[in-house]
Amino acid sequence: MPRIKLATVWLGGCSGCHMSFLDLDEWLFELAEQVDLVYSPLMDAKVYPNEVDVVLVEGAIANQDHLTMIQTVRARSLFLVSFGDCAVTGNVTALRNPLGSTQPVLQRSYMDLSDHHSQMPTEQEIVPPLLDRVTPVHAVVAVDMWLPGCPPSADHIRAVLTPLLRGDIPHLEGYAIKFG
Amino acid sequence: MAVKTLIIDDQLISALEEETLLQAAQAAGIHIPTLCYLEGISEVGACRLCLVEIAGSSKLHPACVTKVAEGMSVRTQSDRLQKYRRLIIEMLFAEGNHICAVCVANGHCELQQLAMDLGMDHVTLEYQFPNRLVDLSHDRFGMDHNRCVLCTRCIRVCDELEGAHIWDMAGRGTRSQVITDLNQPWGTSPTCTSCGKCVAACPTGAIFHQGSTVGEMVHERTRIEFIVNARQNHQWQF
């Protein structure tokens, strides 16, 4: 059986979902025998490759880089899993949305709540510009399945990957789709 | 007391004529999802989760406020009902700001549980991200309007069991919200007895004990059940 090309992507999230992925512990050895990990924050690859079979996307779409990246990921991947609550709902990353848009968010973070040396960031092109509204991944590109959880447990990640390794579509229910 | 016979999900059932479809179904061990319903206080049919199909009627009927009738044939599960129930839960999630990961009621929340039960792995509707307030003016309790689903349990439990009626509903449509007294900070309410029944009745983490952290608040319903039992069955022995 050909080895599956697996990728993981980290957008607007805390990396907790990736930490939970590492909680797969010794099963990671079994996984490594069945997949080629072609792109991930856990490895050194600069460019998202073509023809990825399965990708786990952690995090919401919060800035311009995320928006560009998710469109590349979607175009080059067969099966896209929205991985964790930030990707699925916006979650904590989207807590800023009720403030309205980018300017009030920056104002609140860098001026209103600053203890000293309040200053709005002015340097261009050092960090990507924020989007006015944080959205879940499926609000921007088509998603093939959703794995909620903050973070999803290692058992639930395994319940998604195991059928995919066989070429089957996973079905999740009960605690496997619990938010939070 | 007259008895009615009816069919719920192919089961032949007898029920007292004053009983609702929900009570008759529960007595027969048939589960119908609910959210605004709380045993012991009045039913308002607000959340529409308990909608059921009745043979001969094209519309759907809320089981909590529909009385049993002779010869009625009821279906509590169907693809159509499942679709509507999931859509109702999705609308509640999209309408408020429900961030389960940082909520006091995480793991003890009826909204979160319903989402799981109905297979909601994501929300297909656009999130509204309303700008809602948090009221921490009360000494012991807090109210986070972001987490409120407008079920009105707090209003009814305060009015009917405590007899204080400090809670009520204000506004229309997306501006609807529960208020205390004359829409003033909860801590300034001269009528609140600080009994905590609203905290126990709330299905989510909207009304909570101050000082609770994420996932810590269990809804303690025994006091509500004790009062309901005392009122309905005249039993108040500990």
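Author: The model is predicted. P151(A), a residue in the loop between β7 (145-147) and α6 (154-166) of chain A, is a place to begin.

Reader: What makes the peptide bond between C150(A) and P151(A) a cis bond?

Author: The omega angle of the bond joining C150(A) and P151(A) is about -5 degrees, and the bond is cis. Most peptide bonds are trans.

Reader: Which phi does E125(A) have, and where does E125(A) lie?

Author: E125(A) is not a glycine, yet its phi is positive, about 60 degrees. E125(A) belongs to the loop between α5 (102-112) and β6 (130-135) of chain A. Most residues other than glycine have a negative phi.

Reader: Why is R48(B) called partly exposed?

Author: The label applies between the two cut-offs, 12 or fewer for exposed and 20 or more for buried. R48(B) has 16 C-beta neighbours inside 10 Å and therefore counts as partly exposed. R48(B) is in the loop between α1 (21-27) and β3 (51-54) of chain B. R48(B) also has a positive phi, about 70 degrees, although it is not a glycine.

Reader: What makes strand β1 (residues 4-10) of chain A mostly covered?

Author: Of the 7 residues in β1(A), 5 are buried.

Reader: How do you know that β1(A) pairs with β2(A) and with β3(A)?

Author: Two strands pair if there are at least two bridges between them. β1(A) and strand β2 (residues 35-39) of chain A have 4 bridges, so they count as paired, in the parallel sense. For β1(A) and strand β3 (residues 52-58) of chain A there are 5 bridges, so this is a pair as well, and it is parallel. I4(A) has V35(A) in β2(A) as its bridge partner, while T8(A) stands opposite L56(A) in β3(A).

Reader: Which residues have the most contacts inside the largest nonpolar core?

Author: That core has 98 residues, and those with the most contacts inside it are V55(A), V57(A), V81(A), C50(B), C154(B), C198(B) and I207(B).

Reader: How do you know that this core lies between the domains of chain B?

Author: Domain 1 (3-77) and domain 2 (95-233) of chain B both give residues to the core, so it lies between them.

Reader: Which residues does V57(A) touch?

Author: Leaving aside residues up to four places away in sequence, V57(A) touches V9(A), L11(A), I70(A), V73(A), L80(A), V81(A), S82(A), F83(A), A87(A) and V137(A).

Reader: How far apart are the centres of the two domains of chain B, and how many residues make the contact?

Author: Taken over C-alpha atoms, the centres are separated by 26 Å. The contact involves 11 residues of domain 1 of chain B and 15 residues of domain 2 of chain B. On the domain 1 side, the residues divide into 8 nonpolar, 2 polar and 1 charged.

Reader: How do you know that the radius of gyration of chain B agrees with that of a compact globule?

Author: For 238 residues the globule rule gives a radius near 18 Å; chain B has 19 Å, so the two agree. The C-alpha trace of chain B spans about 55 × 50 × 30 Å along its principal axes. Buried residues make up 37% of chain B.

Definitions and conventions:
Residues numbered from 1 in each chain as written. Chains lettered and ligands numbered in written order. Predicted model: local features only at pLDDT ≥ 70, side-chain atom pairs only at ≥ 80, totals over all residues. Helix = DSSP H or I, 4+ residues; strand = E, 2+ residues; numbered from the N terminus. Core = buried A, V, L, I, M, F, W, Y, C linked by C-beta atoms within 7 Å. Domains from an automatic or database assignment. Contact = placed C-beta atoms within 7 Å. Nonpolar A, V, L, I, M, F, W, Y, C, P; charged D, E, K, R; others polar. Rg over C-alpha atoms; globule rule 2.2 N^0.38 Å.
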